[in-house]
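Please keep the structure open as you read.

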Amino acid sequence: MKSAMTVFRSIRTSKFAVAFRTCYRKYCTTENDTTTTTTQKIHPYRRIHPWKSEDEFMKDMLKNVIYNSDGIIAINKPYGIPLYSKKNIKPALHLNHKIVGAADYSLNDALPYLAEKLDVPMLMPFYIAEKYMSGVCLFGINKNVCRQLELARRRTQGKYSKYWLVTTRVPNEIKGKHRFGMILETSAAGSKKPIIVTQWKNNAVKRNEVKIINVDYKVISNSTHNLSSLIEIVSSSRKWHIIRLFASTMLYSPLLGDNIHGSRVQEIMGIWLKIDPFADSNYNLPKINQQLLELLYIKPSQQEIIPVHIHLKSVHLIVNKDKKQSLVIEAPLMDPFDWTCKQLKFKIPDEIRNSSDEDNEEELVYMNTHDGN
């Protein structure tokens, strides 16, 4: 005779039991009750490119027009969008910048649409924020306007671009001015990397072996617990990712999300030191303070999705040399840069944000849909 336990197990696995459990969960529990579930939101670093179609992307670029006057048009470019789509170009560069659900769109794709909607003959690129930064992009409606823009740029003597950066640590000095040289150094294996030098020969400059850079910087604000800084930089060049390199090797404050030059300085026995640019450790992800990652709702295993936090905040042009009339075009902060600033509680005076402060106070539960850790 079967025991009571054996009979129970038999009933438990029967079709009747399966149907019973289904009905019980449906009507007698809150498992499917939508009124008791917490609304989950995707982390801002996982929705950098939210467009579902090229048409949606082009309409968004139209909304991002921040200046349209006298034949000059400016767009606030999102992070990760290039001027032109270039496939199979510098694959290592793309490996260092992981964008979840990256869109394969470019500004060039949207230019005919923008020209039609803005009622101008064309948009000719003049000065464009790099792919892996957000901010100001300038266009002229014809060649004559672009020539005038070039003259206006030259009158600034090189200091016409202002960048905002978020760093992974606080620099030792709150402001400063630097003049230095930049060279390409070649390793024994033949690879090349940019190096900042403080001494050089004039003949090397004439041979274009050394590029002279002028940089002014100041700390706008430090984050909560002094884990990070929001820094403003005016640089005479952006060649070879010089702004990233300057922040890392001169300020000892690498950019948040910089996987190219972020490991050029490392903490060794409590002291931050410059590392040989060709050392193997340079190819590792930069070490970020655990407390800083927690403020950003990021786990160490998810660090690679952090975007490079650099925003081309404004472009300054002198449009009339005699009257010294200046044209300053500013690009408001946009996500994910803006979201990070809120999370780290930077104090930004008179800054107009693109979203309300109430969003920052809301307790969010983020879905890490691409990482099970």
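What volume does the largest cavity have? The largest cavity has a volume of about 70 Å³.

## Ground rules

This is a predicted model, where local features need pLDDT of at least 70, side-chain atom pairs count only at pLDDT 80 or more, and totals for chains, interfaces and linings use all residues. Numbering starts from 1 along each chain as its sequence is written, and side-chain values use heavy atoms, with hydrogens and water left out.

## The chain as a whole

The chain has 11 helices and 15 strands, taken as DSSP runs (helices H or I, at least four residues; strands E, at least two) numbered from the N terminus. Of its 373 residues, 44% are buried, meaning under 20% relative accessible area with a 1.4 Å probe, protein chains only.

Contacts (heavy atoms within 4.5 Å) can also be sorted by separation in sequence. Among those with a separation of 6 or more, 66% join residues 24 or more positions apart.

## Two cavities

The structure holds 2 cavities of 30 Å³ or more. A cavity here is a set of points on a 1 Å grid, over the protein atoms alone, where a 1.4 Å probe fits but cannot get out; lining residues have an atom within 4 Å of a point. Grid points are joined across faces, edges and corners, and a volume is the space filled by probe spheres set on the points.

Around the largest cavity you will find Glu130, Tyr132, Met133, Arg238, His241, Ile242, Ile243, Arg244 and Ile310. Helix H8 (residues 242–249) gives the most to this lining, with 3 residues. The second largest cavity, of about 60 Å³, has a lining that includes Tyr79, Ser134, Ile310 and Phe337.

## The buried side of H3

Helix H3 (residues 54–63) has Phe57, Met58 and Met61 as its buried residues. They lie on the same side of H3 because they cover an arc of only 95° around the axis, the arc being that of the directions from the helix axis to the C-beta atoms. Their cover includes strand E2 (65–69), strand E3 (72–77) and helix H5 (107–118).

## Val265 and its surroundings

Val265 is found in strand E11 (residues 265–268). Val265 counts as buried because its relative accessibility is 2%. Leaving aside neighbours within four places in sequence, Val265 has contacts that include Ser248, Tyr252, Trp272 and Ile275. Val265 and Ser248 are 17 residues apart in sequence, with 6.3 Å between them in space, C-alpha to C-alpha.

Note on methods:
Buried < 20%, exposed > 50% of the residue type's maximum accessible area, 1.4 Å probe, protein only. 1 Å grid on protein atoms, 1.4 Å probe; cavity = no way out; pocket = protein on both sides within 12 Å on 5 of 7 lines; lining within 4 Å.
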